[in-house]
Every structure is written in C-alpha cells, then in structure tokens.
Amino acid sequence: MKFTFPQMFGAALVITLWLIWVGNIIGNALVHVDEVEVAAVTAEPNEASKAPAKAAPAGIAALLASASAEAGGKQFKKCKACHTTNQGGKNRVGPNLWDVVGQAKAARPGFRFSDALKGKGGAWTYDDLDLYLTKPKDFAPGTKMSFAGLKKAADRANVILYLRSLSESPKPLP
Ligand code: HEC
C-alpha cells in the first residue's frame, strides 16, 4: 500500500489530535489521583495529633515488671553529677532524689526549681517520670535539667525502678 502525501499528512494530524485528547484524559486522571493522595497525606498528621500519641509511654508499667533496680543504679551514674540519692542528701545542680516517686513535683525543700517544672503540678507518677526522663525538655519545656534524656524505654524502666528503691517504703508498682 502506498499513501499520497496528503493522505499521510491527514493521518498524522488525526493521530496527533487523538494523542493530545488521550493525553489530556490521562493527565487529568493523574492529577486527580495526586490530589487525592495529597489530601490523604495531609490528613494523616491531623488524625495522629488527635490521638493521644505522646501520652502512650510504651507500657512503662509492663517494662517495670521486668526491670532491674540494680541495672538502674548503674545507669544512674549519668545522673550523679547533679543528683544525690541519700535520705536528707544535699541538693546539687539538681535536687536530692530520695523518695521522689509519688512525691509532689518540684517540691524538694531548698531547691529553686524552674517555673516550667513547678507548673506541671501533681505527683511524680511512673508515667510522668517516664516521660520526663525520655526527654526532659519535651515534658517540661524550659526545665533546668540539662540532660538529653534516656532514649531506651528499658533503660528508663531500670532507672525508675532504682528511683523507687530510694525509699523506706517503696511505692506499689503500677
Ligand atoms: C546536668 C545536671 C542533671 C543531670 C545529668 C540530671 N539531672 Fe535531673 N534535674 C536536674 C535539675 C537542674 C533539675 C530541676 C529541674 C527544674 O527545676 O526544671 C532536675 C530534676 C529532676 C527530677 C525532678 C525532681 C523533683 O523533685 O521534682 C528528677 C526525677 C530527675 N531530675 C531525675 C534525673 C535522672 C534519673 C537523671 C539521670 C538519668 C537526671 N535527673 C540527670 C539536673 C540534672
């Protein structure tokens, strides 16, 4: 089969127009999908912020059951530069920590606590200790405790169990 030039030109024109038309449809479909995806992606953080994500300290109660106060005592070396642990011990850079579990926050006599920590209110629960020790500056923005935090939940559980042992009558486990 042989085509004349006008025939070929005509065919090319038809094909070009068809491609533009089809391309347009596909393009629209893609843009549409993109928009849906973008909407889905932007919706997620909102959903997440509604959920009590921060208040879910990876089951500190469960971790405490298998934690070791002895291991916590070793971990506590990181804290010793600033904290004493004996009954009636001195406040240093940070307050004495005897019997801190279950005690009111920022209430140790003779220590000038930051407004940030004083403002938190309430007693030191296991959950609050877990959150504070994870990242002090997140739990109480403006806290005077310049300590990065203990990233590992198991380390925190050990340290918290150790803190609990600093008492004549350790508080019941959660
Ligand atoms: C660089 C010094 C420093 C280090 C290291 C440090 N802390 Fe502190 N800590 C402070 C200061 C200062 C405060 C008082 C915070 C405030 O007033 O905001 C504090 C407060 C606290 C409190 C609250 C006490 C209360 O009576 O309310 C606890 C509990 C605590 N620290 C535990 C720890 C543990 C456990 C570690 C180690 C994992 C540690 N800290 C490491 C300086 C330190």
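Reader: Okay, so a helix here is a DSSP run of H or I with at least four residues, numbered from the N terminus. With that settled, where is Leu150 found?

Author: In this predicted model, Leu150 is in the loop between helix H7 (136–139) and H8.

Reader: Buried or exposed?

Author: Leu150 has 5% relative accessibility, so it counts as buried.

Reader: What is Leu150 in contact with, leaving aside its neighbours within four places in sequence?

Author: Leu150 touches Gln75, Lys78, Leu133, Thr134, Asp155, Arg156 and Val159. Take Gln75: it is 75 residues from Leu150 in sequence, but their C-alpha atoms are 9.5 Å apart in space.

Reader: What about contacts across the sequence, what percentage join residues at least 24 apart?

Author: That's 46%, counted among contacts between residues at least 6 apart in sequence.

Reader: Leu133 came up as a contact of Leu150. Which residues of helix H6 are buried?

Author: Helix H6 covers residues 126–134, and its buried residues are Tyr126, Asp128, Leu129, Asp130, Tyr132 and Leu133. The cover over them includes helix H2 (60–65), helix H5 (115–118), H7 and H8.

Reader: Switching to aromatics. How many aromatic pairs are there?

Author: The structure has 5. One brings together Phe76 and Tyr162: the ring centres are 5.2 Å apart and the planes are at 45 degrees, so that pair is tilted.

Reader: Why tilted?

Author: Planes under 30 degrees apart count as stacked and over 60 as edge-to-face, so the rest are tilted. The planes of Phe76 and Tyr162 are at 45 degrees.

Reader: Which parts does that pair tie together?

Author: Phe76 is in the loop between helix H3 (69–75) and helix H4 (77–80), while Tyr162 is in helix H8 (residues 153–165), so the pair links parts 86 residues apart in sequence. Both Phe76 and Tyr162 are buried.

Reader: Which residues make up the aromatic cluster?

Author: Trp124, Tyr132 and Phe139 form one. Two of its rings have a lysine over the face: Lys105 is over Trp124, 5.3 Å from the ring centre, and Lys120 is over Phe139, 4.2 Å from the ring centre.

Reader: Now the outside. Which residues form the nonpolar patch on the surface?

Author: Phe5, Phe9, Leu13, Leu17 and Ile20, with about 590 Å² of accessible area together. Leu17 belongs to helix H1 (residues 5–50), and it counts as exposed because its relative accessibility is 55%. As background, an α-helix has 3.6 residues a turn, so residues three or four places apart point the same way.

Reader: Where is Ala106 found, and is Asp99 buried or exposed?

Author: Ala106 is in the loop between H4 and H5, and Asp99 has its place in that loop between H4 and H5 too. Asp99 is buried, with a relative accessible area of 19%, and Ala106 is buried at 15%.

Notes: Residues are numbered from 1 along each chain as its sequence is written. This is a predicted model: local features need pLDDT of at least 70, side-chain atom pairs count only at pLDDT 80 or more; totals for chains, interfaces and linings use all residues. Side-chain values use heavy atoms; hydrogens and water are left out. Rings of Phe, Tyr and Trp (its six-membered ring) pair if their centres lie within 6.5 Å; planes under 30 degrees apart count as stacked, over 60 as edge-to-face and the rest as tilted. Helices (H or I, at least four residues) and strands (E, at least two) are DSSP runs, numbered from the N terminus. Buried means under 20% relative accessible area, exposed over 50%, partly exposed in between (1.4 Å probe, protein chains only). A charge sits over a ring if NZ of Lys or CZ of Arg is within 6 Å of the ring centre and within 35 degrees of the ring normal. Patches are made of residues with over 30% relative accessible area and no salt bridge: like charges are joined within 9 Å, nonpolar side chains (Val, Leu, Ile, Met, Phe, Trp, Tyr) within 5 Å. Accessible areas come from the Shrake-Rupley method with a 1.4 Å probe; for residues, only the protein chains shown count as cover. A salt bridge is a side-chain nitrogen of Lys or Arg within 4 Å of a carboxyl oxygen of Asp or Glu. Contact means heavy atoms within 4.5 Å.
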